Amino acid sequence: MSRDALVRLALRTVAAAIAVAAIADPVLTVPRPVPHRVVVARLASANVDVEEAAIRSALPGADIIVRTASHGRLPCAPGESCVMVADGSVAAALPDDLDGPVSLIRVGTPPGPNVAIRSALASPAQSAAASGLVHVALTGTGMVGRRTEIHVTDGAATVGSAVHEWAADGEAAIEVAWWPLGDGPRALRVAALPFDGEASAIDNAIEVGVTVNRVRTRVLVFEARPSWASAFVRRALEDDPRFQVEHRVGLAPSLAAGTSGTRLTASTLDAVPVVVAGGLDALGAGEVALFERFVRERGGALVLVPDREISGAAARLVSGQWTEHLEASPSAVGRLRASETLRLARATPFDTVLGAIADRPVIVVSPAGRGRVAVSGALDAWRHRDADGGAFDRFWRSMVLELASAGEALQIDLRQQIAAAGAHVPFTVRHRQMETALPRAVTATATCGAGAAEPIRLWPQGSPGVFSGTVPMAGGEPCEIRVAVDDGPVASSGIAVSTGAIDSVSAVMRELERIAEQSGGGIGDRATLAEALAGMQAPGEAPTPSHPMRSPWWMSPFVACLGVEWWLRRRSGLR
Amino acid sequence: MPDATILDRVERVRFRMWVRNILRSVTAGAATAGGVGMIATIAGLSTAPRWIVAIVAGRLMAFLLTRSTWGATTTMAAALIEREAPLDNLVVTAAELQARPRPVRSDIRDEIVKQAEARLSLVDATRVVPLGQPIVVMSAVLAGAFAVLTIGPESVPRMPGAISGAVEASTRGIDRLAVHVTPPAYSGRPAESLANPVQIIVVSGSRVRLVATTAAEGVVAEIAGQAPLTLTRDAEGFSGEWVAQRSTAVAIRPAGGDGRGVKFLSVMVVADAPPVVRMPQPGTDLAISGTRGRITIGVEAQDDLGLASLSVRFTKASGGGESVTFTEGEVPLAITRNDGRHWRGRAEWVLDGLDLSDGDVLVYRAIARDRNPNGTPVQSEQYLVEVGRLAGAVGAGFALPAEEKKFAISQQMVIYKTEQLIASVKGKPSGSLGEMSLPSRSLGEGWMEQNQDLAIEQRMVRSEVVFLSGGEVQDEVEEAAHSHEIAEGRLENSGRAEMVRALNFMSRAETELNGGRAVEALVLEREALKALERAFDRRRYFLRTLPERSRIDTARRLTGNRSEARPWVRDRGGFEAPSNLTGTRELMHELAAASTVAMGADAAMAAKIAAIDPADASLQKAAVALATAADERTRREALWAAMQAVTAHAIKGLGSAGDLRLQIDPLAGRLADEMERSRKGSR
């Protein structure tokens, strides 16, 4: 074989080897440096360019990507280093699959006078026939001598307002009365009007969710014998359209008067969240046993309105030692006035004392089992019912409404009454009944905006009668949840859609700090940014799979081999 | 060279040309400013920007014109002179030679100068460049521009399609609204006429006449709380009237309109207040020992519109027991009228001619009447004059305290008289307070008699209190509530116990008085008074066996129809949701919409706000502010204020908010039960 032939053979072999290797496409693992990708999550309404530039200079060589939060979630993916730059105006939740450390860089408020809303609370359910209250907690700095105007708006309409005069810096609590403009879920915006020279306006507004309804609270007033004390409580409730009052009064051993269907049975007590009981000394053992089941098992609220010392079977319903006191002139007992009182020797840590005389509780709400027992020791408060512009009526209406909200047989507990569009809101359904062993089917539907009712899957929880579900806030419209029990009660609640901040700036910052601490990230501000990001190191080298034959450069030797081999053959006179 | 005289004359003309140019520039600038101002007004600019834009444009125009005409030269002035009076170009030649010197023979130059000077003497510079007309024109244009800039946008027709919520003049709208108010004749107030008012304040009963000028085919006045008033066409336009008895809001709408061009009128009615009359002198009840005397009475009365009469009348009660007779009479009064609304009266009441006897009582009061024929007379507080020996037992002319609680005060009167009795003997040698407990015989028979008189009074008071215990039931509910206490013997805390205690003290006081021991009696009398006050303070009521209202009328037995029998239903005294709540909510939605799109906030909306409650001053104020809002800023402020007023009114009408908050912990009950169980178990 000539030298040319040998060269041509070698060239062909090399070309064939390249082709075979390309077809085989072998995989090799080689250590390579991993790029350092850092996501800066912009969670601020203020300009944070300075902070972002500082992060770039603190992490040289890092691939910095700036993102904003969407759908209330932190915009970071697994494998990415995450730095939150936040001033508290934007809330974000931690994604479940994010496992790396998340650092927080706080954007502070510039110095100067400032007013901030710390919280705003309103009753989740509001009657359309009454006005409501929003409890607003403010924090003021450099505000002495100034006044802050608080407005509650429903859409563009102002539905409540109040003014606070600052006598000293610090915290202030204000109650703002408001009135419902319509039924269903409403997003109320509570705003402190900013003033000229205020340091920051991002902390001046919060949104609160309220469901306005026309449901009347059912109340049973049961008097074992005629009693003025309970009769005037009944009258106070009957005069209010928010209540549907049924009553039964025992006139003689076998004679009773009142509204129909109020015989004291388990089914009667199943239907009402609150029972007001009077003439307690005439209560029988059977009636007391029913009341005990109503409170402890059914979870209802029992309001005891005695007119003398509690004796007989009814004594089982109250705990602690109650003694009677008589005075020549009436004294203030919470919001009531009374001269004849029953006083509790000592309240337990679980009791809520609504009125006391000389540090001795007189009006007490005590938890018992699943329910509550309220005792009003203001025996003759009804005599002074016209004092203080009807404080007697207001007190009883307010207390019965509060107790009824926790004593309903079917309850919907929403994690939040207001949510951003696209959020998923979890809720819990609790169904209590006198006959605990009786299983019932519970169904739930959600109606968002003008859409059709969509069924919601309910999942049984550990306790009987307790279910959980989730409402997707699709379409950016308020949703109404309706839960029904077969042959039983029906309950509904609503979720409003927020267009602004739901939580206060301080609450958002606390939550972000918690996320940073739990994930192992650092927390700092513009001055301590380097320390906060110190733990955020470049990941170094990592074994990386490689396909060497996929490089296009292999075409050069392949073509060169074939070309030289062809040229040698042509020079030798071959074809 | 031209002669100085020629140059002076030419220069004078040149100066006048310069002044004329300045005047013309100012005129043109003012005209420009006026024109720009008019455009800005039509475009809806507010006052300050309108003035700024107009002044800048005017100054620019004046500056440009001044620049272009500034360089009036001597040659130009000479040419102007030549144009006015043909001088064969001699002045121009002379000016040219002065402006651009050139070689000219001296004899020719001298001749030119000589002839030019001769002819120039005949030329009047004021005729060559007259300044009067430019000054007049400039003044007129300046005045016009100022007027254009001063007049507001409401006087200028708007550009079609301009977005504005203002009340717009329209051929179909109300162009002019005149309101004629005729107060009731008794008020003495003159009638008044108002053009385009938004709010009027009238006396109740005033006749309000509306006259609307419009191109529409009819006008209806929608008056809140009453039927709409259709205005009828007459020579003045459309008119209608009603008598204003209460505050209201009126929306005056042209027929066929689409809600635009509506006029709003808030009518605040001030009711005629009744007169106020008082008797500052003597101002207390009196007791006189004799049947003769003279009492000075002073009376003051005032009324918001005017008083018609003022008098003092008395009633004499004579006799006793079942034979009491009453006699009416009037005390002559001298009246001083400060003005029609404030009167003073004074009387010297001589009792001699009244035929008084011991034990008689005079009750007198002042009575005032205003000019309102439908008004009722108002009387002052009544005062008492007790006549006789008993009333003057301690001393003539002492005043009785005001009566508030009858029985307590009667007891107080016994105490007062006892104190007076003790004080009357203080000056005597054996009459010091410390010695009062000594045998009273040393004070004489008069002392014992006076003590016994007081004992009689004390017994009378006691008997009245005893009677009270069996008196009429005033509130059966209260009595029923009290009944169980009696049944249980819990009298130590009841008003009845205090009453019994008071009776006991009274009996003991009476015994002391009968024994002439006034000081000891005084202590017991005071204890009785305290017990009485405690009894009344507890607001107890005392049951007679069969109250008058509960007696059975035997004549009506078995006469009723059983089919008409109904169970008793208590009248609800509580609140109900306001009937107009839905309307208020709709209005609130409209206000909210208007605040976002800046449209619809007009007189019609103001009328709706005012109609919610015409008696609510804050709503009326908000409505007026909205109806009179002139620009966008004030309209937004008025909308804001209106929403707050409507909200405040709605909250006031709704049930009170639940202001009690209970911390409901679902696990607390279980935990408490468990702790209780473990506590019992450990025992």
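## Cysteines and disulfides

Cys76(A) counts as buried because its relative accessibility is 7%, where buried stands for under 20% relative accessible area, exposed for over 50% and partly exposed for the range in between, all with a 1.4 Å probe and protein chains only. This is a predicted model, in which local features need pLDDT of at least 70 and side-chain atom pairs count only at pLDDT 80 or more, while totals for chains, interfaces and linings use all residues. Residues are numbered from 1 along each chain as its sequence is written, chains are lettered from A and ligands numbered from 1 in the order in which they are written, and side-chain values use heavy atoms, with hydrogens and water left out.

The partner of Cys76(A) is Cys82(A), to which a disulfide joins it with an S to S distance of 1.8 Å; the term is used here for a pair of cysteine sulfur atoms within 2.5 Å. Such a link is a covalent bond between the sulfur atoms of two cysteines. The link of Cys76(A) and Cys82(A) is right-handed, with 50 degrees about the S-S bond, and Cys82(A) is buried, its relative accessible area being 0%.

Cys448(A) and Cys479(A) are both buried. Cys561(A) is buried too, with a relative accessible area of 9%.

## Helix H7 of chain A

Helices (H or I, at least four residues) and strands (E, at least two) are DSSP runs numbered from the N terminus.

The buried residues of H7(A) are Val505(A), Val508(A), Met509(A), Leu512(A), Ile515(A), Ala516(A) and Ser519(A). Seen down the axis of H7(A), these buried residues fall within an arc of 120 degrees, so they line one face of the helix; the arc is taken from the directions from the helix axis to the C-beta atoms. On the other side of H7(A), Arg510(A), Glu517(A) and Gln518(A) are exposed. The buried residues pack against strands E2 (37-43), E4 (81-86), E5 (102-106) and E33 (523-525) of chain A, contact being heavy atoms within 4.5 Å. Just after H7(A), Gly520(A) takes a positive phi of about 90 degrees.

## Strand pairing

Strands pair here if DSSP finds at least two bridges between them. Strand E19 (residues 322-333) and strand E20 (residues 336-344) of chain A run antiparallel and are joined by eight bridges, with Leu344(A) in E20(A) as the bridge partner of Trp322(A). Their hairpin has two residues between the strands, and in it Gly334(A) takes a positive phi near 60 degrees.

An open sheet of five strands in chain A has the order E7-E13-E12-E9-E10, with mixed pairing. Its edge strands, each pairing on one side only, are E7 (125-127) and E10 (157-165) of chain A. Strand E9 (residues 147-154) of chain A and E10(A) pair in the antiparallel sense over eight bridges, and Thr158(A) in E10(A) is the bridge partner of Thr153(A).
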